[in-house]
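Please read it with the coordinates open.

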Amino acid sequence: MKDTKSISYANLPLLEIPTIDIGLLTSSLSSEVEVEIMKLRSALSSSGYFQAVNHGMSTFFLDEVLEVTKKFFKLPMEEKKKYSKATNDFEGYGNNTYKENQVLGWNDRLYLHVLPESMRKFEKWPQNPENLRRVLIEFTEKLSMMNEIILKAMAKSLNLEENCFLYQFGENPKVLSSFNFYPPCPWPDLFIAAKPHADASGTTYVLQGKELEGLQVLKDDQWHRVPLTSDAIVFNVGDQVEIMTNGIFKSPTHRVATNNKGERISVAMFFAPEPTREIKPAEGLLDDKNPRLYKNVRDYSRHFSEHIQLGKSPIDALKILHC
Ligand SMILES: O=C(O)CCC(=O)C(=O)O
Ligand SMILES: [Fe+2]
């Protein structure tokens with residue numbers, strides 16, 4: 001996609017992205033928990049981003065996640081094509097498509113539903129590299145534990161009952177994985193690797209490859225580069241948490257820049273409420289001074305793709321205007 005607004009990516013400012021220690025969020029020392037929770041609240045109500053550290057995943061394991069990603073995309077095209085997504089589906093290997101006439105991002109992806117287990121389409125799960133399946137399941141399990149901790153911390157940071165967001169996610173949250181490969185681009189000033197978007201998820205976790213930056217976030221009308229921090233998991237708010245927090249936590253607009261220096265990889269994991277659950281702004285956040293800003297919605301992922309296909313903003317369609 002041609003993007004004429006900010007030609008020189010290298011000159012963009014670096015995002016000041018706070019680091020949240022996940023271990024401290026569950027500490028028995030309440031003063032430690034308090035400090036971390038306040039940092040989390042400040043991060044999510046400003047940029048919508050933080051980096052999670054001390055999350056219980058070893059460097060060895062995170063390297064394994066990156067390694068299977070690299071190995072999959074390095075396979076010969078005929079091998080990758082065995083897992084190609086069907087025309088009207090987004091699950092499997094291929095480029096991000098919305099509509100026939102839309103411009104494609106400069107990327108290759110492998111999308112797989114991981115949870116609930118009933119949604120796994122194993123015919124789209126590569127058998128090569130042979131450890132990809134195990135690594136993906138383990139990564140999902142580890143992130144699911146972290147997601148619970150973060151959802152509780154988010155609720156506490158807003159003085160809400162700690163399970164109120166967990167409850168909206170339901171017993172069987174949906175988890176979608178996206179393995180991303182961004183090839184080098186000879187014209188990095190002219191093409192974008194992933195166009196500006198907000199995530200349809202509730203919460204998003206991104207493991208970035210170690211070598212090259214690319215992720216950028218719009219904050220105060222200015223694009224910022226998200227730094228690479230070894231072993232940290234980048235967290236961002238998705239649209240559904242913006243709704244649940246009545247807009248206090250922001251679902252940031254972000255994009256991925258191309259570069260001509262080499263290949264970039266990342267693995268994004270999207271956590272979303274059960275589609276049958278009705279999601280809505282938490283009651284405890286609403287009063288005369290803070291009116292409800294979003295309508296209730298079920299199956300937001302479907303709402304999201306329907307609106308994107310029509311070229312409309314999915315979240316704006318749910319906003320309640322107060323004059
Ligand atoms: O590659 C990245 O760093 C982020 C990808 C992303 O934003 C997405 O897959 O939704
Ligand atoms: Fe995204």
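1. The structure is a predicted model. Every remark below should be read with that in mind.

2. Eight strands make up an open sheet with mixed pairing, in the order 1-2-10-7-12-5-4-3. Strand 1 (19–21) and strand 3 (92–94) are the edge strands; each has a single partner strand, so one side of each is left without a neighbour in the sheet. From one strand to the next the twist averages 25°.

3. Strand 12 and its partners. Strand 5 and strand 12 run antiparallel and are joined by nine bridges. Within this pairing, Val175 has Phe271 of strand 12 as its bridge partner. Strand 7 also pairs with strand 12 in the antiparallel sense, over six bridges. Here the bridge partner of Thr203 is Phe271 in strand 12. Strand 7. Six of the six residues of strand 7 are buried. Thr203, Tyr205 and Leu207 point one way, while Thr204, Val206 and Gln208 point the other way. Strand 7 also runs antiparallel to strand 10, to which four bridges join it. Val206 has Val234 of strand 10 as its bridge partner.

4. Helix 5 against the sheet. Helix 5 packs on the sheet and touches strand 2 (49–53), strand 4 (108–115), strand 5, strand 7, strand 10 (233–237) and strand 12. The direction of helix 5 makes about 70° with that of strand 4.

5. The nonpolar core. Which residues have the most contacts inside the largest nonpolar core? They are Tyr49 and Met154, in a core of 80 residues. Helix 5 (residues 132–157) gives the most to this core, with ten residues. Leaving aside residues up to four places away in sequence, Met154 touches Leu40, Leu44, Phe165 and Phe249. As background, nonpolar side chains tend to be buried together in soluble globular proteins.

6. Strand 11. Strand 11 is covered on both faces, with His254 and Val256 buried on one side and Arg255 and Ala257 buried on the other. Strand 6 (residues 192–197) pairs with strand 11 in the antiparallel sense over three bridges, and Ile192 stands opposite Ala257. Strand 8 (residues 215–219) also runs antiparallel to strand 11, again with three bridges. In that pairing Gln216 stands opposite Arg255.

7. The shell around ligand 1. Ligand 1 is surrounded by Ser178, Asn180, Ala194, Asp199, Val206, Gln208, Leu215, His254, Val256, Ser266 and Ala268. Two or more of the shell residues come from each of strand 5 (174–182), strand 7 (203–208), strand 11 (254–257) and strand 12 (264–272). By class there are five nonpolar, five polar and one charged residues.

8. Cis peptide bonds. Leu115 and Pro116 are joined by a cis peptide bond, with omega about -5°. The bond from Asn128 to Pro129 is also cis, with omega near 0°. Pro116 is in the loop between strand 4 and helix 5, and Pro129 is found in the loop between strand 4 and helix 5 as well. Most peptide bonds are trans. Please check both sites by eye.

9. Positive phi. Where does Asp220 lie? It is in the loop between strand 8 and strand 9 (222–225). Asp220 is not a glycine, yet its phi is positive, at about 50°. Asp220 counts as exposed because it has 7 C-beta neighbours inside 10 Å. Asn246, in the loop between helix 7 (239–244) and strand 11, also has a positive phi of about 50° without being a glycine. Is Asn246 buried or exposed? Asn246 is buried, because 20 other C-beta atoms lie within 10 Å, and the cut-off for buried is 20 or more.

10. Asp299. Asp299 is found in the loop between strand 12 and helix 8 (300–309). Asp299 is partly exposed, since 16 other C-beta atoms lie within 10 Å. Asp299 and Arg277 are 22 residues apart in sequence, and their C-alpha atoms are 7.4 Å apart in space.

Definitions and conventions. Residues numbered from 1 in each chain as written. Chains lettered and ligands numbered in written order. Near = placed C-beta within 6 Å. Nonpolar A, V, L, I, M, F, W, Y, C, P; charged D, E, K, R; others polar. Buried ≥ 20, exposed ≤ 12 C-beta atoms within 10 Å, placed from the backbone. Core = buried A, V, L, I, M, F, W, Y, C linked by C-beta atoms within 7 Å. Contact = placed C-beta atoms within 7 Å. Pairing = 2+ DSSP bridges. Axes fitted to C-alpha atoms, helices over the stretch in contact; angles between N-to-C directions.
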